[in-house]
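Morning, everyone. Please bring up the sequence and the model on your screens. I'll keep this short.

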Amino acid sequence: MQMSEKRSVRVAILDMNEGQPNQGMRCIHEILNQYGENSNIDLVWDEFEVRLEQQLPDLDYDVYISSGGPGSPLESKNSSWEKKYFRWLDQVFQFNNEPANQCKKHVFFICHSFQLFCRQYKLARVTKRKSTAFGVFPQHLTEKGKKEPIFQGLNDPFYAVDSRDYQVIQPDYNLLRQTGAAVLAIEKERPHVPLERAIMAIRFNEFMIGTQFHPEADAVGMTMYLQRKDKKKMVIAEHGREKWQSMIEHLNDPDKILLTYSHVIPNFLNIAIEQLQGIEV
């Protein structure tokens, strides 16, 4: 999206990593910097450490990205940081539901944040997986997902980084319909394995969307992850050495995670910023 005049857009990044080092935050920063340069927009972003420092942004930002993070999305229920997080989210809901507020707040939820949202609002079950999901896996679009703007430019299936010990399963379709939400993507069907298929993306409403995969992940970060002794050992133990090698090869395939990295969050930003531009004109 090109704009004749450079304007400023404020982005709040909600850091859910609990102080643990990770590649996700670096990737989000790079996506925002690249987007700003390519779109002639001054993207100004601030970080908020949610779980340790209990920091939450106010409603003065244009766009919000709530990151992935470690640990259980179940055991934190009723914790002080989580209560503050959902109070903030309720304020965003209230702001967006007020007709007088024309510039709505767009929020993207990644992995851990996605699981928390689904658990809090009872849109689906959140359970612990039998084993860790880690690697590059296909994401299969639903009929609603094929029409979803944030997936524009992607294949079906498309590939994304998956890194989680928990999963969102068994969506409450009646509640989804009542709230205007829709399942957009699911994990690969495995008829020979008697396990539930995880829900990999949901549009919660017109202004909020989330993915259980990591759309921000890039080849550099995943290569570093897969080369770590513990991750390499885990993948080989679970899937075999050939699978680990194929993951390494997928990282630099332009039709795999590079395509997802360059489309999903940038498409989300396009939608949010085009609305802002439309209101201002």
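Which residues of H3 are buried? They are His112, Ser113, Phe114, Gln115, Leu116, Phe117, Cys118 and Arg119. Buried means under 20% relative accessible area, exposed means over 50%, and partly exposed is in between, with a 1.4 Å probe and protein chains only. Helices (H or I, at least four residues) and strands (E, at least two) are DSSP runs, numbered from the N terminus. Just after H3 comes Lys122, with a positive phi of about 60°.

A word on ground rules. This is a predicted model, so local features need pLDDT of at least 70 and side-chain atom pairs count only at pLDDT 80 or more, while totals for chains, interfaces and linings use all residues. Residues are numbered from 1 along each chain as its sequence is written, and side-chain values use heavy atoms, with hydrogens and water left out.

Now, salt bridges. The criterion is a side-chain nitrogen of Lys or Arg within 4 Å of a carboxyl oxygen of Asp or Glu. How many does a search of the whole structure find? It finds 11.

Take Arg51 and Glu18. Their closest N and O atoms are 3.1 Å apart. Arg51 is buried, at 8% relative accessibility. Glu18 is partly exposed, at 32%. Keep an eye on Glu18's backbone too. Its phi is near 55°, a positive value in a residue other than glycine.

On to Lys146 and Asp156. This salt bridge has its closest N and O atoms 3.9 Å apart. Lys146 belongs to helix H4 (residues 143-146), and Asp156 to the loop between H4 and strand E6 (158-169); the two are 10 residues apart, and the pair links distant parts of the chain. Lys146 is partly exposed, with a relative accessible area of 47%. Asp156 is partly exposed as well, at 39%.

Stay with Asp156. What kind of peptide bond joins Asp156 and Pro157? A cis one, with omega at about 5°. Pro157 lies in the loop between H4 and E6.

Next, Glu187 and Arg164. In this salt bridge, the closest N and O atoms are 3.3 Å apart. Glu187 is in strand E7 (residues 182-187) and Arg164 is in strand E6, 23 residues away, so to speak of the pair is to speak of a link between distant parts of the chain. Are Glu187 and Arg164 buried or exposed? Both are buried. There is a network as well: salt bridges that share partners join Arg26, Glu30 and Asp218.

One more backbone item, Asn78. It is not a glycine, yet its phi is positive, at about 70°. Where is Asn78 found? In the loop between E3 and helix H2 (80-97). At 56% relative accessibility, Asn78 counts as exposed.
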